[in-house]
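Dear colleague,

I am handing over the structure below, together with some notes on what turned up in it. Please read the notes with the model open beside them.

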Amino acid sequence: MDKYVIKGGSRLNGDVIISGAKNAAVAILPAVILSDSPCRIENIPDISDVKILIHILKEMGGEIEYLDRHTVEIDPRPIETEAVSAQIARQIRASYYFIGALLGRCRKAVVPLPGGCNFGVRPIDQHLKGFAALGCDYSLDNGMISVTAPDDLHGASIYLDVVTVGATMNIMLAAVKARGLTIIENAAREPHIVDLANFLNTMGADVRGAGTDTIKIHGVQSLRGVTYSIIPDQIEAGTYMVAAAATGGDVTVKNVTPKHLESISAKLEEMGVTVEEGDDTVRVICNKPLRKCNVKTMPHPGFPTDMQPQIATLLSVAHGTSMINESIWENNRFKYVDELRRMGAQITVDGKVAIIEGVDHLKGAPVRAPDLRAGAAMVIAGLVAEGTTVVEDVKYIERGYERIVEKLAGLGADIYRSQEPEEVMDKIG
Ligand code: EPU
């Protein structure tokens, strides 16, 4: 069993370099199949979700060449299928971006219902509503979604009933090569949406307004291959910022876009942490006791739900009583609370609200990573706790954090992995 063994108590100190953004990469990789010629994607994070997507592209017939660990060249021209096989694609949520990308490429897509971290119901009704507005029919059969555009894709005005990252990006992928103008209203505004739009525009698309709640897409006939570098990962950066604060450390987080981190920096500053912004760095210094604060997760530019478990761990060791309100996902996103309680945290959950009474210290314990971000929270808890913490099920963490053990050890953490990471491809056959 793969686990991390962490001896708590070391202050994190030094520099850490942030990888490319997972949630941008997982949309940009499927988007490559919209191109008429090869694309070179740089700053790709070396994480298992990305490896799975690369594997899917290869299985579909794409030619893949890794130029180095973070740069991949993909030639989508040999792809002839409009289907994604279920076996691997079910392991990740983002496989659903192949629906939009395949629709854009060949007006037809057969893709398994998405998997991914389980925090309750994760519907895709808004994706399907968007595809229907663009002229598609769809059906569900045996765990597969088939979507076709019998009379071609045509632009449409689509109002999203909830602010959803996935539906916003999936509709963008389908609409870039549709006939006419598509308008997505109440669109999500996350940095990865802007990154996908920039990638598509570099390929020759006409996407405007990404980063606002109204995105306008004029369909074009073809898209060409480009070289494109993925933005830094906002959540990985935020996780190291919180880890630095939790351990009373002094860490410079490098290769970041400070603007994307403002909601996280603001909460840390409210807790008494010093955050110094550079051009592409943030330095986090914590040399005072942490103060309580309240956090409500919101779509961007609000506080990201993907940082909720990590900030909860920090608040567990702050002075006073804090409240977290999770407004994006159901209370399954509090699955880490039982694990943190085993380490001495005092947290009660009522529906979408967690009340956290700060304690003086956490105590090391055997815990598991219930999902990706909750797993990161357990690692932070282990860094802070007295004694040794063993975090199991680290495969969830490695879906989204590149070489987290090496990066933390480089900052002075006492952490090791009890088994070398298997090659994901070996695991999934
Ligand atoms: N929703 C609907 N209908 C839909 C789609 C979404 O009701 O058709 C609801 C969801 O149930 C949820 C809310 O809308 O309550 C937001 O969901 P969203 O579509 O934004 O989430 P997602 O695209 O499935 C992405 C990230 C998640 C991140 C959320 C919110 C990827 C692959 N995943 O998920 O990231 O939590 O946006 O920011 O981009 C993670 O990285 O750990 C992770 C889970």
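The notes below begin with the ligand, go on to one helix, and end with some backbone and side-chain details.

This is a predicted model, in which local features need pLDDT of at least 70 and side-chain atom pairs count only at pLDDT 80 or more, while totals for chains, interfaces and linings use all residues. Residues are numbered from 1 along each chain as its sequence is written, and side-chain values use heavy atoms, with hydrogens and water left out.

**The ligand**

The ligand is surrounded by 25 residues, the closest being Asp125, Gln126, Val165, Asp306 and Ile328; a residue is counted here if one of its heavy atoms lies within 4 Å of the ligand. The space that the ligand takes is the largest pocket. A pocket is an open set of points, on a 1 Å grid over the protein atoms alone, with protein on both sides within 12 Å along at least five of seven lines, and a molecule sits in a pocket if more than half of its atoms lie within 2 Å of its grid points.

**Helix H12**

Helix H12 (residues 372-384) has 13 residues and spans 19 Å from its first C-alpha to its last, close to the expected 18 Å, the expected span being 1.5 Å times one less than the number of residues. Because 13 of its 13 residues are buried, H12 is largely enclosed by the rest of the structure; buried means under 20% relative accessible area, exposed over 50%, and partly exposed in between (1.4 Å probe, protein chains only). The N-terminal end of H12 is capped by Asp371, which has a side-chain oxygen 3.3 Å from the backbone nitrogen of Arg373.

**Backbone and side-chain details**

Most residues other than glycine have a negative phi, and most peptide bonds are trans. Against that background, a cis peptide bond joins His300 and Pro301, with omega about 10°, and Pro301 has its place in the loop between strand E17 (295-296) and helix H10 (308-316). Thr297 lies in the loop between E17 and H10 too; Thr297 is buried, at 0% relative accessible area, and its side chain makes a polar contact of 3.1 Å with that of Glu326. A polar contact is a pair of N or O atoms within 3.5 Å; within protein, one must be able to donate a hydrogen and the other to accept it, and residues adjacent in sequence count only if both atoms are side-chain atoms.

Arg107, in the loop between helix H4 (97-106) and strand E6 (108-112), has a positive phi of about 65° although it is not a glycine. Asn255 also has a positive phi, near 60°, and is partly exposed, with a relative accessible area of 27%.

With regards

Note on methods:
Helices (H or I, at least four residues) and strands (E, at least two) are DSSP runs, numbered from the N terminus. On a 1 Å grid over the protein atoms alone, a cavity is a set of points where a 1.4 Å probe fits but cannot get out, and a pocket is an open set with protein on both sides within 12 Å along at least five of seven lines; lining residues have an atom within 4 Å of a point.
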